[in-house]
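Student: I would like to learn how to read a protein model step by step. Could you take me through one?

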There are 2 protein chains.
Amino acid sequence: MTDHLPRGTDSDLAEHRLSSREVYRGNLLHVLEDRVRLPDGAEAGREWVVHPGAVMVIPVLPNGDIVLERQYRYPLERDFLEFPAGKIDGGEDPLATGQRELLEETGYQGGRWRFLVTLHPVISYSNEHIEVFLAEDVISSGERSLDEGEFLDVFTMPPAQALQLLERGLITDMKTVVGLLWLERMGMTRAR
Amino acid sequence: MTDHLPRGTDSDLAEHRLSSREVYRGNLLHVLEDRVRLPDGAEAGREWVVHPGAVMVIPVLPNGDIVLERQYRYPLERDFLEFPAGKIDGGEDPLATGQRELLEETGYQGGRWRFLVTLHPVISYSNEHIEVFLAEDVISSGERSLDEGEFLDVFTMPPAQALQLLERGLITDMKTVVGLLWLERMGMTRAR
């Protein structure tokens with residue numbers, strides 16, 4: 001099956017849209033309530049969040065340390081340690097999103113950028129996708145320009161230390177966990 | 001900072017709730033629109049999805065193969081390969097959720113269960129958490145009992161093959177990506 005993973009609506013598991021209704025449009029969230037035809041012919045409802053997609057950047061300094069942010073996340077009522085990330089502005093190239101967000105949020109820029117992987121964080125109720133980039137040899141411009149109402153601290157640390165935080169349950173943001181494990185499998189978390 | 005990661009609302013980044021209003025309650029999704037006081041004293045809105053939490057199981061057979069599901073995910077209009085997972089019923093013990101979901105969705109049961117990690121997949125707009133369990137030496141009962149309207153295929157494959165699918169961009173469900181990378185770092189994805 002490796003080379004024949006069913007994709008798209010030709011699957012025998014596919015659900016076909018019968019109708020779609022916007023039930024909430026906030027400033028951030030946009031929720032749809034659709035009716036679908038199930039594979040057995042029955043009808044069902046599907047509630048989901050429309051998302052423009054996001055980019056996460058794994059910024060690595062010339063000495064091998066990584067750049068992380070500490071940010072308060074209201075739904076969970078606490079701070080999280082995270083790699084820089086942000087939403088894709090309409091039609092923006094994901095690489096441009098990554099470079100813009102990294103500079104705005106942390107003041108780091110430049111270096112060598114490489115696409116790593118696409119992730120889908122919430123397949124049961126959102127169409128969000130996260131494009132992950134590795135940015136090596138970034139340098140600090142000393143300037144950042146946070147959006148109004150955006151508050152976050154910026155840290156650098158050896159990736160081996162971040163892995164220890166992950167193992168101790170102190171890094172649980174799922175995109176950041178993937179980023180750290182990806183660095184580890186690329187051999188970039190060993191002490192220098 | 002390793003041992004002093006700020007947690008909870010004593011952080012200098014904390015946002016304090018001023019009001020909370022339910023703006024959508026569907027069968028699946030429950031959306032709140034809150035007003036908060038920001039660290040600088042200004043007010044802002046926060047829109048977020050209330051979630052009961054979920055459990056993901058990494059089921060491993062006595063021969064080292066893993067159990068995966070193929071399921072159609074409507075928000076993304078295609079099938080995904082995933083580890084078995086399901087929502088925590090009110091007050092249910094996460095281990096019980098995992099054992100129940102694994103049996104219902106795949107027919108596998110028994111074996112040795114171990115908690116691995118807690119993940120937060122959507123910290124910007126949901127309070128969802130995913131408790132991850134490793135279930136080694138599971139055996140097939142030959143019976144599964146899907147919920148009405150639930151359709152999914154069950155596969156077993158060597159974890160090394162699943163890692164190849166991940167590297168080729170054919171496994172992108174973020175919780176499943178974490179599960180596979182975790183298996184890899186535990187040395188459980190090597191061919192036997």
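Tutor: What follows is a conversation about this predicted model, feature by feature.

Student: Let us begin with the overall build; how many helices and strands does chain A have?

Tutor: Chain A has 3 helices and 12 strands, and its C-alpha atoms fill a box of roughly 60 × 45 × 35 Å along the principal axes. The domain assignment divides chain A into domain 1, residues 2–49, and domain 2, residues 54–185, and the centres of these two domains, taken over C-alpha atoms, are separated by 30 Å. Of the 192 residues in chain A, 38% are buried. Among the contacts in chain A with a separation of 6 or more, 60% are between residues 24 or more positions apart.

Student: In what order do the strands of the open sheet in chain A lie?

Tutor: The 3 strands follow the order S1-S2-S3, with antiparallel pairing. Strand S1 (16–25) and strand S3 (43–49) of chain A are at the edges, and because each has a single partner strand, one side of each is left without a neighbour in the sheet. Neighbouring strands in this sheet are turned by 20 degrees against each other on average, direction ignored. If you look at one pair in detail, S1(A) is joined by 8 bridges to strand S2 (residues 30–37) of chain A, and the two run antiparallel; one of the facing pairs is Arg25(A) with His30(A) in S2(A).

Student: How should I think about side chains along a strand?

Tutor: In a regular strand the side chains alternate between the two faces of the sheet.

Student: Then let us turn to chain B; how many residues of S10(B) are buried?

Tutor: In S10(B), 6 of the 7 residues are buried, so this strand is largely enclosed by the rest of the structure. Strand S4 (residues 54–60) of chain B is joined to S10(B) by 7 bridges and runs parallel to it, with Val55(B) standing opposite Glu131(B). S9(B) also pairs with S10(B) over 7 bridges, but in the antiparallel sense, and here Phe115(B) has Phe133(B) as its bridge partner.

Student: Which residues touch the most other members of the largest nonpolar core?

Tutor: The general idea comes before the case. In soluble globular proteins, nonpolar side chains tend to be buried together. Here the largest nonpolar core holds 84 residues, and those touching the most other members are Val57(A), Ile58(A), Val178(A), Ile58(B) and Val178(B). Take Val178(B) as an example: leaving out residues up to four places away in sequence, it touches Met174(A), Val177(A), Val178(A), Leu181(A) and Leu119(B).

Student: Finally, which residues is Ala160(A) in contact with, leaving aside its neighbours within four places in sequence?

Tutor: Ala160(A) is placed in helix H2 (residues 159–167) of chain A, and its contacts beyond those neighbours are Thr189(A), Arg190(A) and Ala191(A). The C-alpha atoms of Ala160(A) and Thr189(A) are separated by 5.0 Å, although the two are 29 residues apart along the chain. Ala160(A) counts as partly exposed, because it has 17 C-beta neighbours inside 10 Å.

Terms used
Residues are numbered from 1 along each chain as its sequence is written. Chains are lettered from A and ligands numbered from 1 in the order in which they are written. This is a predicted model: local features need pLDDT of at least 70, side-chain atom pairs count only at pLDDT 80 or more; totals for chains, interfaces and linings use all residues. Two strands pair if DSSP finds at least two bridges between them. Helices (H or I, at least four residues) and strands (E, at least two) are DSSP runs, numbered from the N terminus. Axes are lines fitted to C-alpha atoms, for helices over the stretch in contact, and angles run from 0 to 180 degrees between N-to-C directions. A nonpolar core is a set of buried Ala, Val, Leu, Ile, Met, Phe, Trp, Tyr and Cys residues joined through C-beta atoms within 7 Å. A residue is buried if 20 or more other C-beta atoms lie within 10 Å of its own, exposed if 12 or fewer, and partly exposed in between; C-beta atoms are placed from the backbone. Two residues are in contact if their C-beta atoms, placed from the backbone, lie within 7 Å. Domain bounds come from an automatic or database domain assignment.
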